[in-house]
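Subject: Structure handover

Hi,

Here is the structure for your files. My notes follow it.

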Amino acid sequence: MRRPTVIDAIIALILLFSLYSFLSAEAGVYRQVDEYYYTGSQIYKATNYMAFLDSKGFLYEAEIRGYWWSDYLEFRESGYVIDTGEGSFSLLRTTGEVVTIGGRMSYKEQIGASEIRLIIKTSSVVTARMYSAGYPSFDDYLATVRDTTSFLDRFSIDDVAITGSVSFDAQVTPSRVTEAELEDLLRKELYYVKGITVSTTPTGITLSIEQGTLTELAAVPALLASQGIEMGPVFVSDATVIVRTLGEIGELDKYGIKRHIADELADVLDADENAIHIRL
Amino acid sequence: MLEQPLVAALNAALGSVARLRGAPARRIDPERARMWGVRDLGRWCGSAVDAVLGYLDTATERSASRAAAMRMIAAGERRLPGIPLFGTSATDSTIGARLTHPLIFVVAFIAFLGLSDHGVSAFAFWSLAASLAAFGVGVYAARWRLPAVPDRAIWVAGAGLALAGALVPLVGADVATKLSLLPLAVLILSGKTGMWASAGAAALGYTFFTQGQITYGAPYLALGVAGAAHNYRSPRLSGLLGRHAAFLSVVLMAVGTLYWVLAIALVGRIPLLTTREGLSPLFVMRSHLLPIGAILFISVMGERASRQGTHAQARTLSVLALSFSLLLMALLGYRTQVLLTLLGGIIAMVYWQLVSTREVIASGAALAALFGVMTVFRTLTTGAHVGVLESLSVRTGLTLDIYDMMASLGGYTGFTKGQAYLASITDYATLMPGLAYAPRRYVAVYAGARGISMTSTLLGPLALDFGLLGSVAAMSLLGWMTARTKGLVSAVTGGQRSIVVALYALILAYLILGIETGLVDYEVLLLFGGTFLYMLHLRRVSQHT
């Protein structure tokens, strides 16, 4: 038996190092940047990034510092971005009012921003297509969405948002005025909802929802009831379900999520690999 | 005497960096440097390095791991049945010699161009022609022996260096750096001042580099390190590697296999049958030591066979090592590594007469078939419905189109001045936020795409970074290096020869495979850089022993 030399020690060190690097490997979990800062002159950069976050389904708040162009008074508020354009965006204030914000040299918008801070609230997002179906009530629909996505609870679900149309029978006379009144009411009362439009037909009402969170949408039946409209059984179109998590989904978890949907939820969600998007 | 110019140069470098930053300059005291005695320090360092290498040599010789590796090889040679040669040895025929000639790269490049279904612009065509011709000139120039630098030239070069330094306030640091490279190269090539000039250039380059002045630091550092390899005449390092080449090959294979297992364990599936997504790049890069080790192992077996006449046994062990490496790399889903193993392995086997001409042709067909099968697998897993031939033609056309864009963007002197290559080092890639996190992604950005990587032939990144002139210079250097490495095979013996053959097989295989993908991966650049330095050092050692 030979006595170990320094070369044997080096080989043993390589072995230990490789095992250590394996045990400490995080399998590609990204570090989430949770805040972005832009000056008013960087409005195009800011709106581009907002559009990017919206398209991926991430939830974020915007903190704006600037001036009202009407009276040059300071504007300093946080709000929810509900629409983005070329160099401007619409901000939903906590009061339910919507204001338009432009850059430092803007003149068309209500507010000229000098600072824009985007606070990202979501770590990861899972987006899937949920098949259309009828439900006994709107609450049942929301409960089904919640149950369907509950397998992601281990990543601490922040909230689930949906984009789709909900139709239900109602005694209502088709009228643009009624639609506008209902839209105004819902817009003012629902916060984390990008957009909600109402269309009335002789047989009922259709709500088109864009990225509305389940928590916010739970209030819809009561809000409509306050206007004398009862939501009975609903039919929901194919909807995009966006699950926003507080915990970070790892690179390797993606495969497990897709497999789970294919094995367990294929009758509710589109299990095609390309129909499920997981943003880390 | 040497302390003063060295300290003056370092102080000038620190001073110019401080001026650029607008910060107070940090200076080295010449008195303290004289106290150290740079010449004595250099000699002491040389002896210390030799002593460490001598100790490592003895430690390796007596190590239990080496003994186990050698016992394993001996057992394989003794117990495994030998495979007879089908046909005559490839080295005996002209086909074998031609297939492993450096100019096979030019032939393969022209064949690649022929696969495209459409042409390129006139400028891209002439750039391609000039670059390939430069490679040929480099191969031819490798036959020339560099003349010794006369003593008179040392003083002229010294004066030139001083003049370049003096010109800094007039022409700026950028031009002065370029002007100083030629006299510096003369000093490095001189037998008298070579090592000192190399050490000085490396120290200067390092100083600039660590101060964030990469543009000035990189040429000095590269010249200094290459000069040090050229001027380091002690046979200790090459002797150590040569004596323990067999052990080294087993260690490389073992470490590569270990990381292959860990990479697979981390994702918990076979990437070839599913997807490569999620694989740890670090573990995959380390697992690439397996093909390198396998090719070195084949070369070592060939060298042993040429001494002991055990060709049949060497063939068996070589085929086993090759198959093992091929299988593992194929399961990982990396076509390039599979082809590298096959191509490099065959080149090494041709050199050591472990394969016949008939077998080389059969392997070539297998190579094409394997590429086709793996492409089909990839198209199946990615869901792209394209035929093999159509896929080849479209891919080649697209790659050449991107090269066309890069050539046009780079013009004659380059556009990005080295940033695309710098992006191969992850830490430096972040210097260009939002643009590049890898050279091929960098190329893709300039081709109008974002978030994906694009190949632009071996010449694409060169054209983007350094333009037509840079491409010609780099290709002639590549040709010179490849031919010089091949020429070195007959100049050395034993284990050193097996290492040189393995390195030649690897760089030739990478060159051929890099025609489409480019030589921009960190590990590949390291391999080429290492081979270049080892070739310079070994040539100098072989001239003095």
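Lys194(A) and Asp54(A) form a salt bridge through their side chains, 2.8 Å from N to O. The term means a side-chain nitrogen of Lys or Arg within 4 Å of a carboxyl oxygen of Asp or Glu. Between domain 1 and domain 2 of chain A, the count is 1 salt bridge.

Ground rules first. This is a predicted model: local features need pLDDT of at least 70, side-chain atom pairs count only at pLDDT 80 or more, and totals for chains, interfaces and linings use all residues. Residues are numbered from 1 along each chain as its sequence is written, chains are lettered from A and ligands numbered from 1 in the order written, and side-chain values use heavy atoms, without hydrogens and water.

Domains. Chain A splits into domain 1 (35–120) and domain 2 (124–279), with bounds from an automatic or database domain assignment. Their contact (heavy atoms within 4.5 Å) takes 16 residues from domain 1 of chain A and 15 from domain 2 of chain A. The two domain centres, taken over C-alpha atoms, are 26 Å apart. About 1400 Å² is buried between the domains, 55% of it on carbon and sulfur atoms. Buried area is the accessible area (1.4 Å probe) that two parts lose on being put together, summed over both. On the domain 1 side, Lys56(A), Leu59(A) and Tyr80(A) lose the most area to domain 2, together 36% of what that side buries.

Chains. Chain B gives 25 residues to the contact and chain A gives 18. They bury about 1800 Å² between them, 71% of it on carbon and sulfur atoms. Salt bridges between chain B and chain A: 0.

Cavity. There is 1 cavity of 30 Å³ or more. A cavity is a set of points on a 1 Å grid over the protein atoms alone where a 1.4 Å probe fits but cannot get out; lining residues have an atom within 4 Å of a point. The largest cavity has a volume of about 40 Å³, volume being the space filled by probe spheres set on the points. Its lining includes Val126(A), Thr149(A) and Phe151(A).

Best wishes

Terms used: 1 Å grid on protein atoms, 1.4 Å probe; cavity = no way out; pocket = protein on both sides within 12 Å on 5 of 7 lines; lining within 4 Å.
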